[in-house]
Amino acid sequence: MKINIKILIFLFFVYCMQSSISYAKNLFNFSNISLHGNETAVLVLAPGMNTDGTFFLKESSWMDFAKRNNLGVIALNYSSSAEDLLENRKGYFYPDQGSGQALLDEIKRVYGKDLPIILYGVSGGAQFVSRFVDWCPDRIIAWCAYSAQFWDYPKDGSKVTKARGIVACGDQDGLRWQPSFGFYYQGRKNKRPWIWVNISNTGHNRSAKFEKFVRQFFDEELAIWRGDKKPTEDVYSDISNSDNELLLLSEQPELQCPFRTKELLESWKKIQAP
């Protein structure tokens, strides 16, 4: 009986060690839709922290968008220890620690070539997306990072993507609003072509009205990237969504949002909190 107890204790100790090691590893898994053979770019969908993004592949809104634009789709299923991600600045949030190359390798494996990339990330996914676009700047067509708790702006002199992007947060997401806005402000201060969306009546959750706007934004960027449309002079709006935009624009240009078209601006006004 004593031997059995010792064996059980030993097995339990080994099990705990294995669980700990497994949890401490960065796991990079993916899901993708069936190939059509005519993919010209890939849409990467990044869910919240340590979440399997396969659910995106069941959402007709995203799948119809991808089909309409001849996009491949890859959903991320990344995981790292919460301690590393939130306290140690390690893990899959940081593409230079393996998660970025894993995605590039997966795109090459699935599609047989290095396709250009569009990215949409939510919460923990926004952490990855916001860093990945400047880690791999020349492959990006457009991107959106929605509601991260903390952000890293590239060091001065770093090469950054020229692709347009959206930085967003719900107006009721108190823990993440200020860091998200601060990141956007730094980007606009450096004249990066970013749109800020302060989503009205929204906490820390996905928003159908916002994602509809994101797809409209992506549609515009894809049309220009394909050469279907020529870029025209941007239309600007102050982020306050104020009626007196001309006065506000003249006072603080860092708070201007650049829009390709008046149509996109009008769609933004419908979801932007005052």
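# Notebook: a look through the predicted model

I started with the overall picture: of the 274 residues in the protein chain, 51% count as buried. This is a predicted model, so I read everything below as computed from it. I found 9 helices and 9 strands in the chain. For the accessible surface I got about 13800 Å², with 54% of that belonging to carbon and sulfur atoms. I also checked the contacts between residues at least 6 apart in sequence, and 72% of them join residues at least 24 apart.

**Cysteines**

How many disulfides does a search of the whole structure find? I got 0. Cys144 has a relative accessible area of 0%, so I put it down as buried. Cys257 is also at 0% relative accessibility and counts as buried.

Cys144 sits in strand β5, residues 140–146. I listed what Cys144 touches, leaving out residues up to four places away in sequence: Leu119, Tyr120, Gly121, Val129, Ile166, Phe210, Val214 and Phe218.

**Glu39**

Next I went to the loop between β1 (27–32) and β2 (41–46), where Glu39 is placed. Glu39 is buried and has no salt bridge. Which side chain of opposite charge is nearest to Glu39? I found Lys113, at 6.8 Å.

I wanted to know what the Glu39 side chain does reach. The backbone nitrogen of His36 is 2.7 Å from it. The backbone nitrogen of Gly37 lies 3.1 Å from a polar atom of the Glu39 side chain. Beyond residues up to four places away in sequence, Glu39 touches Ser34, Asn70, Leu71, Gly72, Tyr111, Lys113 and Leu115.

**Phe56**

Is Phe56 buried or exposed? It is buried, with a relative accessible area of 0%. I located Phe56 in the loop between β2 and α2 (60–68). Phe56 touches Leu45, Ala46, Pro47, Trp62, Met63 and Arg206, again not counting residues up to four places away in sequence. I also checked Phe56 against Asn32: they are 24 residues apart in sequence, and 9.8 Å apart C-alpha to C-alpha.

**Salt bridges**

I counted 13 salt bridges in the structure and looked at a few.

Asp219 and Arg68 meet through their side chains at 2.9 Å, N to O. This pair links distant parts of the chain, with Asp219 in helix α7 (residues 208–226) and Arg68 in helix α2, 151 residues apart. Asp219 is partly exposed, at 23% relative accessible area.

Arg131 forms a salt bridge with Asp152, and their closest N and O atoms are 2.9 Å apart. Arg131 is in helix α5 (residues 124–135) and Asp152 in the loop between β5 and β6 (164–170), so the pair ties together parts that are 21 residues apart in sequence. I have Arg131 as buried at 8% and Asp152 as partly exposed at 24%.

Arg206, which turned up among the Phe56 contacts, forms a salt bridge with Glu211, closest N and O atoms 2.8 Å apart. Shared partners join Glu59, Arg206 and Glu211 into one network of salt bridges. Arg206 is partly exposed at 30% relative accessibility, while Glu211 is buried at 5%.

Definitions and conventions
Residues are numbered from 1 along each chain as its sequence is written. This is a predicted model: local features need pLDDT of at least 70, side-chain atom pairs count only at pLDDT 80 or more; totals for chains, interfaces and linings use all residues. Side-chain values use heavy atoms; hydrogens and water are left out. A disulfide is a pair of cysteine sulfur atoms within 2.5 Å. Buried means under 20% relative accessible area, exposed over 50%, partly exposed in between (1.4 Å probe, protein chains only). Helices (H or I, at least four residues) and strands (E, at least two) are DSSP runs, numbered from the N terminus. Lys and Arg count as positive and Asp and Glu as negative; His and the chain ends are not counted. A salt bridge is a side-chain nitrogen of Lys or Arg within 4 Å of a carboxyl oxygen of Asp or Glu. A polar contact is a pair of N or O atoms within 3.5 Å; within protein, one must be able to donate a hydrogen and the other to accept it, and residues adjacent in sequence count only if both atoms are side-chain atoms. Contact means heavy atoms within 4.5 Å. Accessible areas come from the Shrake-Rupley method with a 1.4 Å probe; for residues, only the protein chains shown count as cover.
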